[in-house]
Amino acid sequence: MKRKTFLQIFLLTLVCISILFVYGIIAVKSNSKTIIKERLKEETKLACSLIKSTDDFDCFSDYYNDNALRITVIDLEGNVLFESDTKAPLENHIDREEIRNAIKNTPQAVERYSDTFGCEMTYYALKTELDDGTKVILRMALKSSHINGYFIITLPILFMVLCISLGFSIVFSDVISKKVTSKITDVGKSLRSLNDGNYAPIKTSSDEPELYSVLNEINELNSSIHKHIRRETEERNKLDTVLENVYQGILAIGRNKKIIFANKSVMKLFGCAEEPSGNDVVFLIDDLALCNLISEHLGEDFGGEYLYKGKELSVVIKNADGAEAGNECSIVIFTDVTKEKEMAKQKNDFFANASHELKTPVAVMQGLSELLLAKNLDESSEKQVERIHKESLRLSSLITDMLELSRLENGGQSEMILSKVNLKETAEEALGELSAKMAEKGVTATVTGNGTIDGDAKKIYELVENLCGNAVNYNKENGKIAVDITESGDNVILKVSDTGIGIEKENIPRLCERFYRVDKSRSKKTGGTGLGLAIVKHICALHNATLSIDSDIGLGTSVTVTFIKSNR
């Protein structure tokens, strides 16, 4: 840097000095010409004052052998009356520029090539009058080469000035380059200290106001950057601590399938002892099928499960939105859900077994209560038996729903028998089964539209019956139910709406949870089991259908199921 700065300053100074040197040479040469011309004019004027008659022409005989200066006397017709150079031809000179200027009384020094001397000559002519009244022109000429004599005298001085200037330029360039590079070096040291984390500000001096201001600005900027880097480093350390100690295995993979980041959990999960960053995915994961699964879904959002060496893994791939072009990556999250799966299976098994075991005693209670009601009992006993019978019916319905939900959660898809299902006919059949309940509450229902899907007729009927049952149970007295079936492109949309009591918005996301109740007291009033929408959700999942619920307090609820026309 110092050498480059020195060369730049030196070359700039050298160019300036060279320009001045050339200009000096031109100026000296021009000035020499001016001096010679002025001398020629003065000598011509002096010579004119010396001649009074033609006899005085002999005064110029001293110039006869002098090749430097030439004197010629010419009359107004251009005839040569006297020539100091006897070798010169005595031809007419009326066409010479200096002669014409003299005749016009506008004398000027003229520089042109002389055939007599074979070189450039400077001429000057004046018109003068002799004592007898004769007018003649006196011309004096000097070789232009005599000008170089003055120029050669001054040239060594110019070269000496040039050498002194160059020497001064070298010293000046060295001092300036050292001064400039020292400041740049200080800035570089400060920036390196900023990068190393041990920030050291640049030393400044107020002796140089402009530089002082710039360096202060750099110090303030570096200080701000240092604070920002320190804050970002602290946040990154916190994030690294969290990522390294989180239970899930987290893996960041670039578009080139190279690993960008891997936390300790994912390395432990796949038994990798070396840092995998910068390597291909296969360096970390020794399962080619899992690697292919990840590779296929890079750049998109994906979720699924994979059995790896006896472990149930939840694999979630997220595309890193907002990444800069060229730095796109995908985040892969591995969660070992083996224990959760086992616990869920045990819970489902218990749920199914308990429901199955409860079915027999409940059936006995229902049968015995019906036998007792057939006998003539007193009023008090009859009310108690009716209560037992009613509760046994509700318990039997609950157990039936529990068994159905258990079947759906434990591979219900394998039991599906697909066929063409007419949704309008299914809805009318389900409402027919609910006609008694609808009559009790004065609820009316309408079915509009039509649509056919590929599905399990029994499960689709159960879905529609649950939706219509909820519409009846949670409706107001003399309320209305509307079942709308529409076809839109490749979809068939089933919408069940009621004019019932409605549900708060914050409770809607939890409606499909098992046994979830907005109001715990409603189960006794409506007779519901709290499993209807949970069953509906599972049936929708089996048919690749989407479920959405919209409700307003006091206005009613709408449940929409969107089916794909064909699932085959």
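**Sheet, hairpin and pocket architecture of the predicted model**

Five strands form an open sheet of mixed pairing, in the order 12-14-15-17-16; helices (H or I, at least four residues) and strands (E, at least two) are DSSP runs numbered from the N terminus, and two strands are taken to pair if DSSP finds at least two bridges between them. From one strand to the next, the twist averages 10 degrees. The structure is a predicted model, in which local features need pLDDT of at least 70 and side-chain atom pairs count only at pLDDT 80 or more, while totals for chains, interfaces and linings use all residues. Residues are numbered from 1 along each chain as its sequence is written, and side-chain values use heavy atoms, with hydrogens and water left out.

Within this sheet, strand 12 pairs with strand 14 (residues 480–488) in the parallel sense over six bridges, and T446 stands opposite A482 in strand 14. Helix 10 (residues 423–433) lies across strand 12, strand 14, strand 15 (491–498) and strand 17 (556–564), at about 175 degrees to strand 12. Helix 12 (residues 457–473) lies across strand 14, strand 15 and strand 17, and runs at about 25 degrees to strand 15. Contact here means heavy atoms within 4.5 Å; axes are lines fitted to C-alpha atoms, for helices over the stretch in contact, with angles from 0 to 180 degrees between N-to-C directions.

Strand 8 (residues 302–308) and strand 9 (residues 311–319) pair in the antiparallel sense over seven bridges, with L313 in strand 9 as the bridge partner of Y306. The two strands form a hairpin with two residues between them, and K309 in the turn has a positive phi of about 50 degrees. Strand 9 is also joined to strand 10 by seven bridges, and these strands run antiparallel; I317 stands opposite V332 in strand 10.

The second largest pocket has a volume of about 190 Å³. A pocket is an open set of points on a 1 Å grid over the protein atoms alone, where a 1.4 Å probe fits, with protein on both sides within 12 Å along at least five of seven lines; lining residues have an atom within 4 Å of a point. The volume is the space filled by probe spheres set on the points. Helix 5 (264–269) and strand 10 (329–336) are the elements that give two or more residues to this lining, which includes K268, L269, F334 and D336. The lining residues divide into four nonpolar, four polar and three charged.

Terms used
Ala, Val, Leu, Ile, Met, Phe, Trp, Tyr, Cys and Pro count as nonpolar, Asp, Glu, Lys and Arg as charged, and the others, Gly among them, as polar.
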